[in-house]
Amino acid sequence: MAPLNYYLVLSAVIFAIGVAGVIVRRNVIVILMSVELMLNAVNLTFLAFARSFGSMDGQVIVFFVMTVAAAEAVVGLAIIIALFRHRRSLDPREMQLLKW
Amino acid sequence: MTLLRYIPLFPLAGALLNVFVGRWLGRRAAGLLACAAVGLSFVVSFAIFSLLRATEVLREPLFTWMEVAPLKIEIAFQADALTAVMLLIITGIGLLIHIYSLGYMGHDEGMVRYFAYLNLFIFFMSLLVLADNLLLLFVGWEGVGLCSYLLIGFWYQDHANAIAGNKAFIVNRIGDFGFLLGMLLLFWEMGRQGVWSLSVSELQNITHLLRPERVRLITLLLFIGAAGKSAQIPLYVWLPDAMQGPTPVSALIHAATMVTAGVYMTARLSFLFSMTPETLALIAWIGGLTAFFAATIAVAQNDIKRVLAYSTVSQLGYMFLAVGVGAFSVAIFHLFTHAFFKACLFLSSGSVIHALGGEQDMRKMGGLRRYLPTTYTTYLVATLAISGFPLTAGFFSKDQILWAVHSSPAGSTSLWTLAWLTAGLTAFYMFRQFFLVFHGKCRVDEPALAHIHESPPVMRVPLVLLALGSIFAGWLATPEFMWGSLWEGWLEPVFSAGGVANHAASEDEILFMGVTLAISAFGFLLAFLFRSPENKIAEWLSRSAICRLLAGKYYIDELYDFFFVRPFTASARWLAQICDPGLIDGLVNGVAERVRGGSLLGRQLQSGNVQHYLFAFLAGALALLAYFLGR
């Protein structure tokens, strides 16, 4: 079995990619996907620790995270569709009316 | 006995009904309703008048208005002989004026509104005379001011009428301010003695505890209020303009209500005024001067109602002259008789104006005797009464004033001379008017002449009743050598504090009567000689400088305009156009501007872009992480 550190580094890389995606991408759907990426990176960390320590706690938490992620994806996509209907655009830079 | 409350209640109910459901009643029913309300009030007033024993004071508390620790102000009514007499004048003459208005205002669009105001006027006036404490009296006092404003500006579509209403209200407010200050000072002074009340009866009990110099100031301030309401120098200017309203309103304001309030108030507080000879002397002089001054103005006026208006100012001057020499009951007596003949004069002039379709200029009248026989008779009777023709009402009351001025220790020869000259002027200007309107050549314009008509019975009956009153009202108080005075005995207890009542030598009184009659007759004679406008001397006189000065009312209005109105409006304009936008707005806007400038930098942070926020969030999280890791 590969050492624990490999898994941790991989998930850190995936998480960083997700963060970068959320911050720099210009499409709300891609941003949502990047958020999923971040969640899954964390899931990977949980699983890696669970395997290496032989505990079930990490596995259970991952199930919870997946459930929440599914719900989040549904709500997020619904919001995106509603947004698109209103604005005919998915660029987050155009959605900045709630300032001041 | 709980009758008193009904006197103000009926007119109030009438006014409210007319305000809220009057428009569905129709004009005729609204008018009848108003008449019925005042009629019921009159019946109750008469019942109280006949039930009241001379020394008795009815008191009727309704409820507590306010109670603050030791101070307790009640809504309470009281009635003594003085109140009863005032109530009879207010509701009696008021009723006749209401009935007359049925005819006079019959064609007017706003008749329902008119009668609502009229009833409200009676309500406030009866409240004023019934009030047990000064605060409630003040409510009525302000109320009649409001109603006079509403009624003077009744035909508000005409700008001049609205202006006249404003003028009446503002000038009255100046007086009211004096009254209010006097009342508060009195309250304070009574509080010093531990009496936290404004009740007149309680005040009466502790007058001896008040400091004289304070009482002097209080009475002075109260008199300013009275001068405003009762049109004395220097606040008389509103009354002549008050005739802009419908003519019955002028009758109501000039005879039964409003202007009598000031005289009533000084009479009600006679015990206070009697304490200060200085104030009384001032009142006497103001009264005497007003009487003379207004009479001279009346001589040169050409508007039928304006002559009468100045005559009211002059007669009110007489009343204050009587008050000033301590003859309170005489003042109220003149108020009583004056109510009859002045109401009669105004309503008769209304009848003339009505017949001529709105014409008020006496130069365009003349010879109306043939067309308006009833009005002619009533006008003649009332003119005789106001001029002091023997055995008419005005004869007795005016004579008593002159006699009081002569015989009272507070009176003086110069005051008497002033009043005596005024008597002559009164006869002159009244008969000048009478001849101009009813005698001589008819100078009425053609179109008006075509439909000239005597007034309907609903207007003639009040005229005749008032004319009868103008004769017989005076018989209540005759000199000693005739059948004496019911009046003095009736009002004596009210003014026991400072009555004049010294009927010394009745031969002197007869002599004085003769002297007064002589000057009145002289005035009449002059008026008779100058009766025709084509008379050479009269024409020459009317072009003289003095006559122009009189016709211009001594240019007092212009003086007031120059010294008070213009500086006031100019400063108001300066405040509104320079001070307010520059200073006030500048301060407020300046503060806002600085705040806005200061926050310009901070608000750049809020771009509204979610990704910027997320980046800041990430940076923060990383910084925290670095901090905790590096520790």
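**View 1. Where chain A meets chain B.** In this predicted model, 10 residues of chain A are in contact with 10 residues of chain B. Look at the side of chain A that touches chain B, and you will find 7 nonpolar residues, 1 polar residue and 2 charged ones.

**View 2. Chain B as a whole.** Stepping back for a moment, chain B carries 27 helices and 2 strands. Its C-alpha trace spans about 125 × 65 × 50 Å along the principal axes. Of the 631 residues in chain B, 50% count as buried. Among the chain B contacts with a separation of 6 or more, 81% come from residues 24 or more positions apart.

**View 3. The hairpin of chain B.** Here strand E1 of chain B (residues 58-68) pairs with strand E2 of chain B (residues 71-79) in the antiparallel sense, over 9 bridges. For a handy landmark, find B:Glu60, which stands opposite B:Phe77 in E2(B). The hairpin has 2 residues between the strands, and B:Ala69 takes a positive phi near 45°.

**View 4. Inside the largest nonpolar core.** This core holds 200 residues. Those that touch the most other members are B:Phe121, B:Leu321, B:Ala322, B:Ala331, B:Ala343 and B:Ala419. As background, nonpolar side chains tend to be buried together in soluble globular proteins.

**View 5. The surroundings of B:Ala343.** Let us zoom in on one of the core residues listed for touching the most other members, B:Ala343. Leaving aside residues up to four places away in sequence, B:Ala343 touches B:Ile93, B:Leu96 and B:Ile97, then B:Ala251, B:Ala255 and B:Ala256, and also B:Leu466.

Conventions
Residues numbered from 1 in each chain as written. Chains lettered and ligands numbered in written order. Predicted model: local features only at pLDDT ≥ 70, side-chain atom pairs only at ≥ 80, totals over all residues. Pairing = 2+ DSSP bridges. Helix = DSSP H or I, 4+ residues; strand = E, 2+ residues; numbered from the N terminus. Contact = placed C-beta atoms within 7 Å. Nonpolar A, V, L, I, M, F, W, Y, C, P; charged D, E, K, R; others polar. Core = buried A, V, L, I, M, F, W, Y, C linked by C-beta atoms within 7 Å. Buried ≥ 20, exposed ≤ 12 C-beta atoms within 10 Å, placed from the backbone.
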